[in-house]
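Open the structure in your viewer and keep the selection tool ready. This tour tells you what to pick and what to look for at each stop.

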Amino acid sequence: MRKVVAPDYTVFEHVKRHVEAVKTAIREAIIPESVTCSYPKERRKMPASFRGYLIFDPDRCISCFGCAFICPANAIRMKEAEDGRYYPTIDYGKCIFCHFCLDSCPEGALKPTKIHDVAYRDLDRMLTLTEEMIEPPEIIREDKRYVEYVIDGRDLHLRRVDGEDELLVDLPPPSKVERIASCIDPESCTGCRICEEVCEHGVIRSSVEEDGVRMVIDSERCTGCGLCVKECSMRVLRLVRR
Amino acid sequence: MTGTVEALINLMMADQVAIPLLDPILNILYGIPLLGHLLALILWKPLFAALICPGFATLGGLLMLLPWIERKLVARIQWRIGPHEILPQMGGVIQLLADSLRFLFQEVIVHRDAKQPYFLQFPVLSFIPALLPLLFIPAGTIIAIESPYGAQIVLAMVTLFPLFILGLGWASNSRFAYIGTVREAFVYFGYEIALIVSAFAMIVLYGTSDPLAISGMQQVPGIILNPVAALAFFIASAMATSRLPFEIPEADQELAGGPHVEYSGILFGLIYVISYEKVYILSGLMTLLFLGGGSGPEIRVLGDLSGLIWFILKTLLVMIALIALRAIYPRYRLDQALRIGWNPVFTLSTIAVGVSLMEVLLL
């Protein structure tokens, strides 16, 4: 075991250290290197990958339930809209802002923003419905400039830039792999027709033949959402490249 | 009767604060019956020193300003912003006014175990050692009481402070206050001798302890004549003010305020300013002993106020240096502070006496 003892400085070293401390204090008193961002009056410039409030584009959504399946906090529920399709709703009381939903979205229907300061009147209102997610929330901007942190050598510096930081992020749509559902083992299909019920787009049709029920996937219209793959009880459906 | 009043007015008129710049206005004002007499009374040098500068008004103004300067300066050094929200255009300069208003309207709680009369009296009485030394510190040529033993009297008054703090802690009758009080006593033993000996070194050097004579003698400021004494006096006064790095009696982290843990409202406000009063008085004494008091390039139009302005400027400088220590050093332990007080600082002050004696004998 090693005993920790105070370093044994000579008087000269003591004096040197005191002088150093005083010098630092005087330097900082004259030109302080503040790193404080006075928040409502100026905002920190966040990177485009900032995990903030989510907005939603229903035109891109293929109702694949991917976001709801992956959500680790169970914050996302799919809700049936008037057109019969299912869209996500987010409960921000549960959301942990991991953005797994955004990463799992194959079509880029969920979009990130840099908004991190949303207030709700009560817990119930934190459940954000699909209609409320389409437009970003109303924000009162007090900031006239934004702040960037720059690491220069080994020190952190703060740089103030005039102008507003754009809070909405304009991401290009994800480069997606076109995929369609296909049956890899038709022999094993039991003809339960769950895939037909589950398909949001009416792509899977069933017809009764003499040897039993026969399923047909319209590969032209299939969006590759994978719902049927998840639900197939015999595990005979797969997503394959188009 | 009229003769006495006449003699009194003549006495006052003979010893007025001379301000050539304001003379035309003052001459008109002296002609107005009651106002003229009042003005003559206020501008009578001893009363001016006691009431305006370096006395009551300056002390009050500094108490309003000094905590703000401290918080702003320390915040700058520590990369923070400091007081900001009250009057943000001026950087929150009236912060302490707001604080004192809050103290004023807060309920003063006297708890059951407190020794009530003393608990209420000591904070008010602690103004005595704060105001009395100011009568003996000259601002330029303005001094309330001229005494051949001025420097000693100021030191004696300053060493009265711990008595009142001990009183506060004893009257609070609480264990935190008790520990803080005992620590205050310990620290007091640590700095007192070094403080007195280093001031004694300067008195030996000047051969007089008349404050006016001391400030008049310093063509070369005392800090150059005897830098060892200046350093010892500075460290001892940093310990005397019981502020960081020697904030041992108050020790927010473990004693939650030490002697004044039980106080609230305006009584706490009165105690809160004790250490700032100490800073002002000790800085004034340091200015007098080491920085030449009110001596400096004379501004002719301001007359007596010229020395006063130099005195205030130098005192502010010393006060800022004392205050900035807070941002530089962490708090010492009690035993470390006692070791610092008895070992290096006491040695330094003894060496300073030797240096002074050498200079007196050689020059």
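**Stop 1: a sheet in chain A**

Start in β4(A), where I90(A) is the bridge partner of I76(A). Before moving on, note that this is a predicted model.

Now select residues 86-91 of chain A, which make up strand β4. Look for another facing pair: R77(A) stands opposite T89(A) in β4(A).

Next, follow the chain from β3(A) to β4(A). The two strands form a hairpin, with 5 residues between them. Click on G84(A) in the turn. What is the phi of G84(A)? The phi of G84(A) is positive, at about 85°.

Go back to I90(A). In β6(A), I90(A) has T128(A) as its bridge partner. β4(A) and β6(A) run antiparallel and are joined by 2 bridges.

Show the three strands together. They form an open sheet in the order β3-β4-β6, with antiparallel pairing.

**Stop 2: two helices in chain B**

Two packed helices are described by the angle between their axes and the distance between the axes. Select residues 56-77 for helix α5 and residues 95-105 for helix α6. At what angle do α5 and α6 of chain B pack? The angle is about 115°, and the axes are 8 Å apart. The crossing of α5(B) past α6(B) is right-handed.

Now show the side chains where they meet. From α5(B), pick M64(B), P67(B) and W68(B). From α6(B), pick Q95(B), L96(B) and L97(B). By class, this contact has 5 nonpolar residues, 1 polar residue and no charged residues.

**Stop 3: the domains of chain B**

Zoom out and colour chain B by domain. Domain 1 covers 1-43, and domain 2 covers 51-362. Over C-alpha atoms, the centres of the two domains of chain B are 34 Å apart. Where they touch, domain 1 of chain B gives 6 residues and domain 2 of chain B gives 8 residues.

Terms used. Residues numbered from 1 in each chain as written. Chains lettered and ligands numbered in written order. Predicted model: local features only at pLDDT ≥ 70, side-chain atom pairs only at ≥ 80, totals over all residues. Domains from an automatic or database assignment. Contact = placed C-beta atoms within 7 Å. Pairing = 2+ DSSP bridges. Helix = DSSP H or I, 4+ residues; strand = E, 2+ residues; numbered from the N terminus. Axes fitted to C-alpha atoms, helices over the stretch in contact; angles between N-to-C directions. Left-handed = near helix turned anticlockwise from the far one by under 90°. Nonpolar A, V, L, I, M, F, W, Y, C, P; charged D, E, K, R; others polar.
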